[in-house]
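Please have the sequence and the 3D view at hand.

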Amino acid sequence: MSVLVTSLALGSLYCLIAVVLVLHFKVSGFLNIGVLGYIALAPYLVASFTSEHSSIFIFLAVCLGIMFFISLLSFVIDFGLFKPISRLSSAMKVIVSISVLFITLTFIDIIWPSGANLETPVGTKSISIFSIDLLLIDAITLFVAFIVVFGLFFILSKTIMGNRLLAFAQDQQTARAYGVSPLYVKFLISVFTGVMASLAGILLASPGSPRVGVTSVIFYSLIALSPVIIARHSDLLICFISSFLVAFVQIFSSANINSINEGFHGIVSNFGLSTAITLGPTFADRFVPFAIALLALIIIPSRWIRDDANG
Amino acid sequence: MVDYIIIAVSFAGIIVIAGSGLYVLTGLTGQISLAQGAYMAIGASVTSYFARTSTEVTGVLGGQGLVFIAAFAIGVLITALCSAIFGFLTIRLKGASAISASIAVSVIVLYLIERSQFLSGGSRGATSSKYLSIGNLDFADLTIAGHTFDRNTSIMMLIIIMSLVIFYYIRNVSRSPLARSMRTIRERDVEAQTCAISPTKTIVSAHFICGLCAGIAGALYAPLIESFEISSANPWLGTFGLIVSMQILAFVVVGGMRNYWTCAGIILVLAFLSSFMSEFSSSIPFLDSAQGGRISPSQITAILSSLIVITIIQMRAQFLKKHL
């Protein structure tokens, strides 16, 4: 049961990150890896403005401020860096987004050379729901992620704002002809990015299993690329499902690492390598999610692949 | 100053070799890859493993004690085969899917090397072989006409020779029928098949050449830095992390993917500048973190090379806007 609960909490975090990336991809037509930089930046900023003695209201106010700041940053970068190169190929845009990530990570490294310690008002308190002990931060994560993701699905499918956004994503020329302003769409995407990236970053860095602080955020963000890969960058529903699938397989293999290690040793001992290669405790984090993503790319039939060949 | 230049030239040569492979894959075939750093890691660790002698082996690190040229050939071939297998598996992927797949394969490769402790040396890290014998010449301690060069200068010469060989080879590849097939696949893959061009053969060949160059770059990079650590703890950073792949890809894209001469020239200049800035900034006390400053040379390099890439891409967009 604990595997399931932890998987749900981690899956919902992956979902937040993956949905932002997919949304960006749908609207701008390229994989904006720079978003991972915003996710990494958010917890450092929150940790700088709060302490373990901060009240819940101050903490929430700081979080809101950081969301606003990340939204603004996203908008400025989108407008300043990506708009001028809108006619270039998607490869160029991806490279610019990689450079943005590069700069963000380096600035984080310069400003916070020894990392930061994010303390949330809930700490590592746990609650009991239906006789299941659950970390409060995991419950909050689940709640927030579901609210945000389903809120986004609702906005996209039921509101005029969402329909405009999807129309722009599908055919920019026609959408513009029907009066959908590109500036409006970019503004909306920046707001979604700010909110979801900040939430994902802060929740990922909060103390609680299986997360281990702010320095691991960028690694978990990288794992969140797996659902994006499985969803071919364009299908929000598959992205949603695969986030939980990746998290479940990751947590399950982490919980059963000893059995997996024994099985692996049984196989490689035939090649005389049993003492030379060990899977180690990091197998679940560093191998499983990426292997699933790669496998999904390789085995999913070609007809399922959407027309995203050029970005 | 001379030391900085020697290191910068060596680094630039290595990046030109790795970038030339990526030029074939990205420039000619249109497949984008961020796995070049991981392939370099394979080249570096496998070559070092086969070249290390029993006296150089410590702890869990392994070694086979082959002469450098044999170890080099095995390391490069294994890297090229790994790259070709990856190319074969991801043959139908393009654009963002190809980038994502290469990120996934990078992390997996780094993890597998890390866990193979006879290659990576575990937490202690791995060392390269002290001897770099090619025929009668030992490029770790080169003596020409009675004059003995130090290790770094000798390795720089080896890197320059290999860069020229690769340059000549890729220039020939870019003029060959294979390159025409690659360009056709890049522009019109469906039409290419009607012209009896096999996408499988062409794309796998491009991946093989890309892996070959990355393997050579990695095999030469290991002796230059002498000891290296391969870790998947943070796949972004590290000697062969994703950021290295990104840097190489950015240099290739900025260099222009149509003409190999221009591309190789620009990669050389950017890599030299990047490495020189990095090496030279370590002598400025207020900058270097090791001397009480706030910013390390690698951080300066990271920021400046990213800014250069962004500026050049923005300038290219402005140029196209004005002239098209």
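A residue is called buried here if 20 or more other C-beta atoms lie within 10 Å of its own. Please also keep in mind that this is a predicted model.

With that cut-off, we can look at helix H6 of chain B, which covers residues 151–174. Its buried residues are B:Ser154, B:Ile155, B:Met156, B:Leu158, B:Ile159, B:Met162, B:Ser163, B:Ile166, B:Ile170 and B:Ser174. The length of H6(B) agrees with expectation, because 24 residues at 1.5 Å a residue should span 34 Å and the end C-alpha atoms are 34 Å apart.

Next comes helix H7 of chain B, residues 177–187, where B:Leu178, B:Ala179, B:Ser181, B:Met182, B:Ile185 and B:Arg186 are buried. How do these buried residues sit around the helix axis? They fall within an arc of 155 degrees when H7(B) is seen down its axis, so they line one face of the helix. As background, an α-helix has 3.6 residues a turn, so residues three or four places apart point the same way. On the other side of H7(B), B:Pro177 and B:Glu187 are exposed. The cover over the buried residues of H7(B) includes H1 (2–28), H6, H8 (189–194) and H9 of chain B.

The loop between helix H9 (199–225) and strand S6 (227–228) of chain B holds B:Glu226. This residue has a positive phi of about 65 degrees, although it is not a glycine. For context, most residues other than glycine have a negative phi. B:Glu226 is partly exposed, with 14 other C-beta atoms within 10 Å.

Now let's step back to the two chains, set side by side.

| Chain | Secondary structure | Extent along principal axes | Buried residues |
|---|---|---|---|
| A | 14 helices and two strands | roughly 65 × 55 × 45 Å | 48% of 311 residues |
| B | twelve helices and six strands | about 60 × 45 × 45 Å | 56% of 324 residues |

Chain A has a radius of gyration of 20 Å, which agrees with the value near 19 Å that a compact globule of 311 residues would have. For chain B the radius of gyration is 20 Å, close to the 20 Å from the globule rule for 324 residues, so chain B is as compact as a globular protein of that length. Among contacts in chain A with a separation of 6 or more, 75% are between residues 24 or more positions apart. In chain B, 73% of the contacts between residues at least 6 apart in sequence join residues at least 24 apart.

Where do the chains meet? In all, 48 residues of chain A are in contact with 43 residues of chain B. On the chain A side, helices H4 (90–111), H9 (217–223), H10 (225–230) and H14 (288–299) each give two or more residues. H4(A) gives the most, with 14 residues. By class, this side of chain A has 34 nonpolar, nine polar and five charged residues.

Finally, the largest nonpolar core has 209 residues, of which A:Leu13, A:Leu16, A:Val19 and A:Ile95 touch the most other members. Helix H1 of chain A (residues 2–28) gives the most to this core, with 16 residues. Beyond its neighbours within four places in sequence, A:Val19 is in contact with A:Val149, A:Leu152, A:Met196, A:Leu236 and A:Cys239.

Technical notes. Residues numbered from 1 in each chain as written. Chains lettered and ligands numbered in written order. Predicted model: local features only at pLDDT ≥ 70, side-chain atom pairs only at ≥ 80, totals over all residues. Contact = placed C-beta atoms within 7 Å. Helix = DSSP H or I, 4+ residues; strand = E, 2+ residues; numbered from the N terminus. Nonpolar A, V, L, I, M, F, W, Y, C, P; charged D, E, K, R; others polar. Rg over C-alpha atoms; globule rule 2.2 N^0.38 Å. Core = buried A, V, L, I, M, F, W, Y, C linked by C-beta atoms within 7 Å. Expected span 1.5 Å × (residues − 1). Arc of directions from axis to C-beta.
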